[in-house]
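Hello,

Here is the structure I promised to pass on. My notes on it follow below.

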Amino acid sequence: MKNIDVDVFVVGAGPTGLTTAALLAREGAGVTAITRYPGLANSPRAHIINQRTMEVFRDLGVEDRVIASAMPATLMGQVVWAESFTGPEIARRRAWGAAADRRSDYAGASPCDLTNIHQHVLEPILCEAAREYGADVVFNLELVSMRQEDERVVSLCRDRVTGERVRVVSRYAVGADGDNSAVCREIGFEVEGMMGLGHMVNHWIKADLSPYTAHRPGALYQVFRPGGGATVDNAVFVNVRPWDEWVMSVPYDPAGGRPDTSAGAVVRTVRAYVGDESLDVRPVSSSTWTINEAHAEVMHRGRVVIAGNAAHRHPPAGGLGANTCVQDAFNLAWKLRLLLDGRGGESLLAAYTEERAPVARQIVQRANTSLAALMAIPAALGLEPGQSVEEGQARLDARLADTPEGVECRRRLAEAVRMQDYNFNALGVELGQRYSSATIVPDETVVQPVEDPELFHVACTTPGAPLPHVWLARGGRQLSSLDLVGRGRFTVLTGIGGDGWRDAARVLSEELGIALDTVAIGPCRDVEDVYGDWASIRGIEEDGCLLVRPDHHISFRAMRGSGAPEDVLRAALTTSLAHRAGPADAGPARTGAGSSA
């Protein structure tokens, strides 16, 4: 039997597992990630990557690679609904900040643009990064059993090609193995909610739809047709590559058996929804999936944690799937790194559950609500399950009539289309995740409410919030406030008069054995606030400070200078590291304090 000894064993090599492995390996941890499959994702799956996830990729050093491989953001800024690609258009809505009244919200919220990159294109980038940083990624290896001991996790695996048994002994393990998680099964994680709420079939196809799409570019097109059985007859076309590669997703009723995925059936189905009987369609592959609404309330047990779809399962509405997975990894990796070094307390993993389980719950609920809201459009048109084609077409035609019925139909449709902003313009959902846990030092300030916190993001420096983005300058070069933090390190941000915090950070970096940067923002300091935006958003006096975690979230805020900055900052760091009291005794720091150069 082959034996592997490693710091962290990651089960699963999708976006969650690969991001976790890359982040840990970058900081010097020994990581092995496995997948039971012979390779990475073999078809387009998750595709919308929001700004917060792009910030993670920026921190990881792969942002430019992702942008270079993605569909240009300028081509994804609207969603189209139609009776067919060649038939009447029902509605169109600008999405993901493309509308004039939302463009500044998105541009001001992050240094990164969201993008459209499908999972089979993204995963090789993440795998390459993980391996470059020193992680092992192993294919065709499946988890058979896993058990915990006091100081280690013992996992038995099987090579699916050779049948060889492989024993993996690790200090910690991460279950990033998706909906049917073997780690959940072996360790006893419970996922609450409902599974199989709907059934879908995806057809990955190649077909040149540029005559019907190039003039109205977007990432998503949804067709509603008259008729249908248990559901309204509809199909979603997701753009993979402009404008000749697509995934078409269609609901089906499992009571009637599995859908016909033969090449002939797929070609006929695509042509029917496009409305072009001569269209050249080349099927690539087909797969089925289910609509789920489930999440775990507990995401850690001892030395084993779960992340990604192992912990939360929901439909792709709103593009929240891969984003939540990557952000789980960003929250988790630095905590595991500190535990491996002996710099952090064991309750760091409890803090992972405290912080990410509420996000999982929110995202699962939001995604399913958004999916239901999509069906407000056919409802506004009068399309219903079980209608005949003739009845459905009459309802569609009524929308065009100069009658009281037509006026009311158009009013309902406009309202239903506005509702789709919760699906495609929900900046507050995408960026507004504020953590609360025992490792965050709260203060008494109150974040001013906004009219709709799901649609709009309010940047602030309240402990638990992500550090706000503003543009700053250093040495003649523009950089984001987010470029000052992260990369596996804690950071103290201060300003003129904050020398006490800087001196304290140098002492505590050595004392606690952690990587701790300090950055002074102000005229002729480390970084200059050339536009004055930092002064308006920092939420503290110039001589105050923010303590920012490696995942860009603020764990402590001092409104102003202190007479005992070392004591105050030590207490904040002790809390952030989940220490009971006093400095760590794990030896010298791997890297010392310094400016964020």
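Gly134 comes after helix H5 and has a positive phi, near 115 degrees. This is a predicted model, in which local features need pLDDT of at least 70 and side-chain atom pairs count only at pLDDT 80 or more, while totals for chains, interfaces and linings use all residues. Residues are numbered from 1 along each chain as its sequence is written, and side-chain values use heavy atoms, with hydrogens and water left out.

H5 itself covers residues 119-132, and its 14 residues reach 20 Å from first C-alpha to last, close to the 20 Å expected at 1.5 Å a residue. (Helices are DSSP runs of H or I with at least four residues, numbered from the N terminus; the expected span is 1.5 Å times one less than the number of residues.) Among its buried residues are Leu122, Ile125, Leu126 and Cys127.

Next, Arg271, which sits in helix H8 (residues 263-274). Is it buried or partly exposed? Arg271 counts as partly exposed because its relative accessibility is 24% (buried is under 20%, exposed over 50%, partly exposed in between, with a 1.4 Å probe and protein chains only). Leaving out residues up to four places away in sequence, Arg271 touches Asp276, Glu277, Ser278, Leu279 and Val281, where contact means heavy atoms within 4.5 Å. Leu400 is 129 residues from Arg271 in sequence and 25 Å from Arg271 in space, C-alpha to C-alpha.

Enjoy looking through it!

Conventions:
Helix = DSSP H or I, 4+ residues; strand = E, 2+ residues; numbered from the N terminus.
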